[in-house]
Amino acid sequence: MKKILVIQNKRIGDVLIASTIAQNMKSVFPDSQIDYLVYDFTVGVIENNPSIDNIIAINEKDLKQFLVMKRLIKRIKKTNYDIIFDPYSKLQSRLICYFSGAKMRIGFQKRGRNPWFKFYTHTVPLLEEKTHISGKAIEDRINMFSSFFRLPENKIDYEPHIFLTDKEKQYNKLDKYDKPAIMLGILGSTPQKSMPYDYIVTIIDHITSCYNVNVLFNYAPNQKDDALSIYEQCQNKDHIIIDIYEDTIRGFITLMNKCELLVGNEGGIVHISKALDKPTFTIFSPYVLKEHWASFEDGKKHTSIHLLEEKPNLFDEFSVEQRRKIEENPSELYQMLTPEMILKKLTPFLDRQLKAYKN
């Protein structure tokens with residue numbers, strides 16, 4: 001029996017996307033043991049995945065301590081993995097790979113010169129551009145697998161999946177409402193990564209005025225005051241369910257599973273919604289490379305907006321120094337992504353998905 005480890009100690013979306021490696025390796029080696037090394041706060045997106053036998057959950061801050069890292073490496077080495085995939089490909093994961101003793105250690109090539117230290121036995125270059133509807137981020141991880149292990153193209157699974165328990169499928173907090181619910185995740189992880197709040201209010205007011213639906217807010221627990229501030233500025237509060245909120249990944253998953261669709265900033269909740277087979281409209285941060293993270297967009301079930309699509313020559317107007325400042329604080333660019341721009345693309349999406357509920 002082969003023992004396989006996937007290392008992806010990063011964020012929620014990255015962990016979910018990299019689970020495609022485990023899914024496809026399980027098809028190649030059905031009797032293998034496949035383990036997944038992740039940060040503890042991301043575990044919710046891979047729980048109950050039948051392709052993952054064991055989850056090694058680690059604390060992000062703890063892993064920066066030398067003794068914790070040393071114990072983890074010792075644990076990995078003791079397990080005697082045959083194959084390790086490292087889509088994270090940073091110093092921490094490279095060291096784990098190198099000292100693991102695994103005969104096959106697969107990672108991404110470093111751009112430019114490769115490190116002289118041979119952390120990996122096999123490397124894969126990042127793709128120059130995407131060629132599949134799954135998007136470049138997923139395609140890079142599939143390429144990491146398919147460069148060394150063969151499956152017929154029609155057998156390769158490009159889609160991350162989330163698996164709910166029977167109990168989770170019975171989630172009933174929305175049952176008392178007689179309208180379908182949609183999820184809004186339009187607060188970024190920080191104020192600098194969010195649209196201006198008056199823009200958010202305009203979009204919410206449009207949705208609640210034009211469609212006979214209820215709206216839920218998703219936000220980080222530390223953003224509750226911001227969410228309540230936005231709520232207080234909205235016109236149609238009777239269409240907003242403010243008292244239902246899940247503060248864990250698994251809780252959000254069970255709630256999102258009962259929603260019709262998601263409108264939100266690009267990030268983990270978008271990837272979760274797609275893995276639940278829910279339609280999504282994604283608002284991309286102006287500085288994010290859309291071709292990397294726009295997965296399965298067909299202009300119908302999944303679509304999005306990016307400022308550079310509306311103003312393709314925008315960055316030509318900025319000097320190098322200005323662009324650096326914008327990356328540090330992108331609020332200036334968010335001001336340019338106006339509600340009018342967003343609604344021009346969002347409205348056809350909602351009309352299509354909520355046809356039966358249009359006012």
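Which residues in α6 meet which residues in α14? In this predicted model, the α6 side of the contact consists of Y199, T202, I203, H206 and I207. Their partners in α14 are P339, I342, L343, L346, T347 and L350. The residues of this contact divide into eight nonpolar, three polar and no charged.

The geometry of the pair was examined next. The axes of α6 and α14 lie 11 Å apart, and the two helices pack at an angle of about 30 degrees. Angles under 35 degrees count as roughly parallel, so α6 is roughly parallel to α14. The crossing of α6 past α14 is right-handed.

Helix α6 itself covers residues 197-210. Its 14 residues, at 1.5 Å a residue, should span 20 Å. The C-alpha atoms at its ends are 20 Å apart, which agrees with that expectation. The buried residues of α6 are Y199, I200, V201, I203, I204, D205, H206, I207 and T208. These buried residues pack against several elements. The helices contacted are α7 (224-233), α13 (331-336) and α14 (339-353). The strands contacted are β7 (181-185), β8 (214-217) and β9 (240-241).

An α-helix has 3.6 residues a turn, so residues three or four places apart point the same way. In α6, Y199, I203, H206 and I207 are among the residues that meet α14.

Strand β8, one of the elements packed against the buried residues of α6, contains N214. N214 has a relative accessibility of 5%. The cut-off for burial is under 20%, and N214 therefore counts as buried.

Helix α2 spans residues 66-79 and helix α3 spans residues 91-100. Their axes are 9 Å apart, at a packing angle of about 40 degrees. The crossing of α2 past α3 is right-handed. On the α2 side, the contact is formed by M69, L72, I73, I76 and K77. On the α3 side, it is formed by Q92, L95, I96, F99 and S100. By class, this contact has seven nonpolar, two polar and one charged residues.

Technical notes
Residues are numbered from 1 along each chain as its sequence is written. This is a predicted model: local features need pLDDT of at least 70, side-chain atom pairs count only at pLDDT 80 or more; totals for chains, interfaces and linings use all residues. Side-chain values use heavy atoms; hydrogens and water are left out. Helices (H or I, at least four residues) and strands (E, at least two) are DSSP runs, numbered from the N terminus. The expected span of a helix is 1.5 Å times one less than its number of residues. Buried means under 20% relative accessible area, exposed over 50%, partly exposed in between (1.4 Å probe, protein chains only). Contact means heavy atoms within 4.5 Å. Axes are lines fitted to C-alpha atoms, for helices over the stretch in contact, and angles run from 0 to 180 degrees between N-to-C directions. Angles under 35 degrees count as roughly parallel, over 145 as roughly antiparallel, 65 to 115 as roughly perpendicular and the rest as oblique. A crossing is left-handed if the near helix is turned anticlockwise from the far one by less than a right angle, and right-handed if clockwise. Ala, Val, Leu, Ile, Met, Phe, Trp, Tyr, Cys and Pro count as nonpolar, Asp, Glu, Lys and Arg as charged, and the others, Gly among them, as polar.
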